Every structure is written in structure tokens, then in C-alpha cells.
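Student: I have a structure open and want to go through it with you. Can we start with the side-chain contacts and then move to the strands?

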Amino acid sequence: MTQKFAHDKRGSLFGGIGSLLVAVVVALAIRWLFFEAYVIPSGSMLPSLLIQDHIFVNKLIYGLRVPFSKQWVAHFRLPVKGEVIVFRFPEDESTFFIKRVIGVPGDKVSWDGNQLAINGEKIPTEPNSRKDYFLGLVSEQDLNGPKDVYDVFREDLNHHPHPIFIKKDAFHYPAENVEIPPNALYVMGDNRDNSNDSRMWGFVPADNILGRATFVWLSCDKTLPGIASFICDPLHIRWSRFFHQVQ
């Protein structure tokens, strides 16, 4: 004889709540330990990263932290030169910045407005043959000026080739033999003349590092108006940016 089981509504309710709580805990654990999503708000990393690029950041690559704190449970390594990192801005730790690592502890960094040198060695830099392509990715509003005043170069820092923007006839915020102290990093934006970085405010403490930028998972030219301004407008998606690797 087939057994019939009484339907317990309370059991179903508590089971559903329990499943939801488990899902929330798993989602938060993934965010705390492994990956977190960020949105690029400014043009300091143009043309490598565009405004309204949505990126995933690998938080585990450099170590494991106590949730909601800067305390390391296990610290695996510091970022290396050429990697793009997200970190807490040293002058306001409620703000997150994204920049490229230029110097690590013990390095001496120089920048004359066109040429980067580390420990006296010039970093390979050459005019970028895809200049028109990279300038075509951005608007003059994003650049804060006409496109024809920008040069595009290809810089290869520690086997991390990437394009950089340099504005002609601009003040280039130089650096001269700046020595990087222990447990700190020197960072710069790829949009070299429109970036608030180590040339202005100094070093990034190792404890402020949040993770390494890995790839773009969503990108758009425009967002929705009003209170939904953080959401991409589906009519203005940059489909070609999907799964774009951050070099």
C-alpha cells in the first residue's frame, strides 16, 4: 500500500528559508574569498579599461583575509609589476582605486612624461600601430579633450604588454628615482596624464590591496537614467568587451 505523507507547511517554509540562507552565505563567501565585481568609474585606465567596464577581481590570488577587515589569514604574495590591481585609496579607504603596478619594494621608478624606467632600465615602449582603434574606443568626453592631442604607445612591463595614452604638450607629473619601501607598491594609470596615482600621493600599502583585475564581464556606453544609473542600458551594450582579459 502506498504511504501518504502529510504536507507540513511549516517544514516547507523553514526549509525554504534555510536554503535561502545557505545561498546567501555561499554568495557572500565567494565575494569575500574569491571574486568580486567592480565598475570602472573614470578614465584613468584608458584605453586598457573603459568607463562602465564591469570587471571581476580575483581576491584570493594575493592571500586570504578575515571578512570585513584588512587582516590577513594567509598572505601568498605581493602583486608583480605590470598587474592591474584594485585597492583601498590610502587617503580615503572608503574609496576603491584601480591602477597598474609599476614598482615593487626595492625598485626605483622614473617617469619623464614619455619613458618609464625602473632601476635605471628603460621599459620597452613604441608607437602603437593600433592608435586609431584605441582612440576609437573612447569619446572626447571620456578623454576630457579632443582625441588628436593624444598619442598611443605600447608599453611592455614585465611581460604585460598594454596600451597607454599620453597627452601632447601636457604637464606629465614626472617621477625621478622614487624608491619603493617594504610592503608597498608604486602604481600609475594607463591614461598617464589623467590619472590620480602614486606620482601625486605616494605608495599603496600592501594591506590596502583588494585583488587583481581579471576580465570584463559587462560593458556599456550608457547607463539607465535616475536612481538606476548604476545599471547598464541594454541598448548601449559593448558586446565586443565581453570576457575581455585585463592585460
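Tutor: Arg130 lies over the face of Tyr133, 4.2 Å from the ring centre. Keep in mind that this is a predicted model.

Student: Which residue lies over the face of Trp72?

Tutor: Arg65 does, at 3.8 Å from the ring centre.

Student: And rings with rings, how many aromatic pairs are there?

Tutor: The count is 14 aromatic pairs. In one of them, Phe87 and Trp201, the ring centres are 6.2 Å apart and the planes stand at 50°, so the pair is classed as tilted.

Student: Where do Phe87 and Trp201 lie?

Tutor: Phe87 is in strand β5 (residues 84–88) and Trp201 is in helix α4 (residues 198–201). The pair therefore ties together parts that are 114 residues apart in sequence.

Student: Which residues form an aromatic cluster?

Tutor: Phe56, Phe215, Trp217 and Phe243 form one.

Student: Now the surface. Which residues make the nonpolar patch?

Tutor: Phe171, Tyr173 and Met200 make a nonpolar surface patch of about 310 Å². Phe171 sits in the loop between β12 and β13 (175–179). Its relative accessibility is 59%, so Phe171 counts as exposed.

Student: On to strands. You mentioned β12, so how many of its residues are buried?

Tutor: Six of the eight residues of β12 (residues 160–167) are buried, so the strand is largely enclosed by the rest of the structure.

Student: What joins β11 to β12?

Tutor: Eight bridges join β11 (residues 150–157) to β12, and the two strands run antiparallel. Within that pairing, Phe153 has Ile164 of β12 as its bridge partner, and Val152 stands opposite Phe165 of β12.

Student: What about the hairpin, which residue takes a positive phi?

Tutor: Asn158, with a phi near 55°. The hairpin of β11 and β12 has two residues between the strands.

Student: How many bridges pair β10 with β11?

Tutor: Three bridges, in the antiparallel sense, with β10 covering residues 125–127. As an example, the bridge partner of Glu126 is Arg154 in β11.

Student: How many bridges join β8 to β9?

Tutor: Two bridges join β8 (residues 116–118) to β9, again antiparallel. Ala117 has Lys122 of β9 as its bridge partner.

Note on methods. Residues numbered from 1 in each chain as written. Predicted model: local features only at pLDDT ≥ 70, side-chain atom pairs only at ≥ 80, totals over all residues. Heavy atoms only, no water. Buried < 20%, exposed > 50% of the residue type's maximum accessible area, 1.4 Å probe, protein only. Helix = DSSP H or I, 4+ residues; strand = E, 2+ residues; numbered from the N terminus. Pairing = 2+ DSSP bridges. Patch = residues over 30% accessible without salt bridge, like charges linked within 9 Å, V, L, I, M, F, W, Y side chains within 5 Å. Areas by Shrake-Rupley, 256 points an atom, 1.4 Å probe, with all protein chains shown as cover. Salt bridge = Lys/Arg side-chain N within 4 Å of Asp/Glu carboxyl O. Phe/Tyr/Trp six-rings, centres within 6.5 Å; stacked < 30°, edge-to-face > 60°. Lys NZ or Arg CZ within 6 Å of the ring centre and 35° of its normal.
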